[in-house]
Amino acid sequence: MRRTDRTGGGIGVLAADLADPFYAAMISAIEEVSTARSFTTLVAGSGEDPARERALLTSFVERRLDGLVVVSADHEHEHLRPYLDIGTRIVFADRPPRRLPVDCVLAGHADGAAQAVRHLLGQGHTAIAYVGHSPAVHTAAERLRGFRAELGAAGLEPHAVRTDATDSAAAFRVTAELLAAGTAPTAIFADNPRLVGGVARAIATSRAPRTALVAFDDSELAEVLGVTVVAQDVRELGGEAARLLFARLDGERSRPRQLVLPTTLIPRGSGEGLGVALR
């Protein structure tokens with residue numbers, strides 16, 4: 001039997017990577033909302049493994065938690081319907097559900113990438129390359145979609161698209177290859193903060209150290225290096241996900257909602273003019 005007083009209980013948060021500062025900030029915001037309601041928050045990481053994700057969600061439900069906030073690495077979510085049927089409330093965050101009638105909170109990934117491209121175009125760049133990770137991940141796919149669409153609207157094609165930058169070391173290698181080519185890009189869009197260090201290092205040590213750089217998502221490293229970013233408010237994302245979940249626990253029965261939070265361009269020098277040397 002599930003709780004009916006809603007003055008205390010437990011929720012579970014499943015993130016993709018607990019070592020990622022992005023998810024740490026998201027979880028912290030969720031926990032603030034949960035603690036204010038005298039709820040306990042249990043946290044687990046899937047490591048981007050769908051099988052592990054399913055096992056962890058089953059474990060959460062077996063613990064009779066009242067609700068779940070899920071950042072899913074899975075591509076199918078029909079298996080979660082029985083959990084809804086027994087009263088478990090579920091909200092998706094950062095990545096949308098597939099054919100599952102639940103609330104979700106997302107950032108405007110495509111629009112953010114488009115903002116980055118518009119900014120670079122406004123600075124006179126037309127040879128803009130994309131350095132990112134696999135578009136098998138929803139957020140990466142959306143950023144690549146926004147990147148391509150904004151260039152297309154300007155009548156341009158990407159100078160290059162690399163989606164094999166899985167970490168900072170790979171980002172360094174990929175960027176170094178692009179900048180060593182006969183016709184190098186004059187600007188690069190990096191699709192996530194984990195790549196910033198590698199991309200910036202490759203630019204700084206190349207024969208084109210004034211290559212412009214804009215990255216998606218802010219980080220302490222991006223701030224220290226003076227990297228222009230398109231930032232999302234990760235604490236707002238986590239807070240909104242928690243508020244949606246508690247609204248459902250309080251009896252809200254409206255149709256599932258999808259909230260898309262805006263992104264903000266923060267110019268710091270690396271994406272302005274014709275490119276500036278990184279600090």
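1. Start with helix α7. The buried residues of this helix are covered by several elements, including β6 (128–131), α6 (168–180), β8 (187–190), β9 (212–216) and α8 (220–225). This is a predicted model. In it, seven of the nine residues of α7 (residues 196–204) are buried, so the helix is largely enclosed by the rest of the structure.

2. Which residues of α7 are buried? They are V196, G197, G198, V199, A200, A202 and I203. Keep V196 in mind. V196 returns below as a member of a nonpolar core of 22 residues.

3. Now the cores. The largest nonpolar core has 25 residues. Inside this core, I11, Y23, M26, I30, V69 and A93 have the most contacts. Two or more residues each come from β1 (9–15), α1, β4 (89–93) and α9 (234–249). Which element gives the most to this core? Helix α9 does, with eight residues.

4. Look at M26 for a view of the packing. Leaving out residues up to four places away in sequence, M26 touches V13, V71, A93, V234, L237 and G238. A second core is separate and has 22 residues, among them V131, V174, V196 and L213.

5. Next, the largest pocket. How much space lies in it? About 340 Å³. Its lining is made of 21 residues. Nearest the centre of the pocket lie D20, E48, R95, H133 and R194. Helices α1 (21–36) and α5 (138–153) are the elements that give two or more residues to the lining.

6. On to charge pairs. Side chains of opposite charge can pair when their charged atoms come close. The structure holds 16 salt bridges. One of the networks to look at links R162, D164, R173 and E177.

7. The side chain of R162 meets D164 in a salt bridge, at 2.9 Å from N to O. R162 also meets E177 in a salt bridge, again with 2.9 Å from N to O.

8. D164 has 30% relative accessibility, so it counts as partly exposed. E177 is partly exposed as well, with a relative accessible area of 39%.

9. A further salt bridge joins E236 and R243. Their closest N and O atoms are 3.6 Å apart. At 29% relative accessibility, E236 counts as partly exposed. R243 is partly exposed too, with a relative accessible area of 40%.

10. Finally, check the backbone at two aspartates. Most residues other than glycine have a negative phi, and most peptide bonds are trans. D94 is not a glycine, yet has a positive phi of about 75°. Where does D94 lie? In the loop between β4 and β5 (103–107). D94 counts as buried, at 3% relative accessibility, because buried means under 20%.

11. D217 also has a positive phi, of about 85°, although it is not a glycine. The loop between β9 and α8 holds D217. At 7% relative accessibility, D217 counts as buried.

Terms used
Residues are numbered from 1 along each chain as its sequence is written. This is a predicted model: local features need pLDDT of at least 70, side-chain atom pairs count only at pLDDT 80 or more; totals for chains, interfaces and linings use all residues. Side-chain values use heavy atoms; hydrogens and water are left out. Buried means under 20% relative accessible area, exposed over 50%, partly exposed in between (1.4 Å probe, protein chains only). Helices (H or I, at least four residues) and strands (E, at least two) are DSSP runs, numbered from the N terminus. Contact means heavy atoms within 4.5 Å. On a 1 Å grid over the protein atoms alone, a cavity is a set of points where a 1.4 Å probe fits but cannot get out, and a pocket is an open set with protein on both sides within 12 Å along at least five of seven lines; lining residues have an atom within 4 Å of a point. Grid points are joined across faces, edges and corners, and a volume is the space filled by probe spheres set on the points. A salt bridge is a side-chain nitrogen of Lys or Arg within 4 Å of a carboxyl oxygen of Asp or Glu. A nonpolar core is a set of buried Ala, Val, Leu, Ile, Met, Phe, Trp, Tyr and Cys residues joined through side-chain atoms within 4.5 Å.
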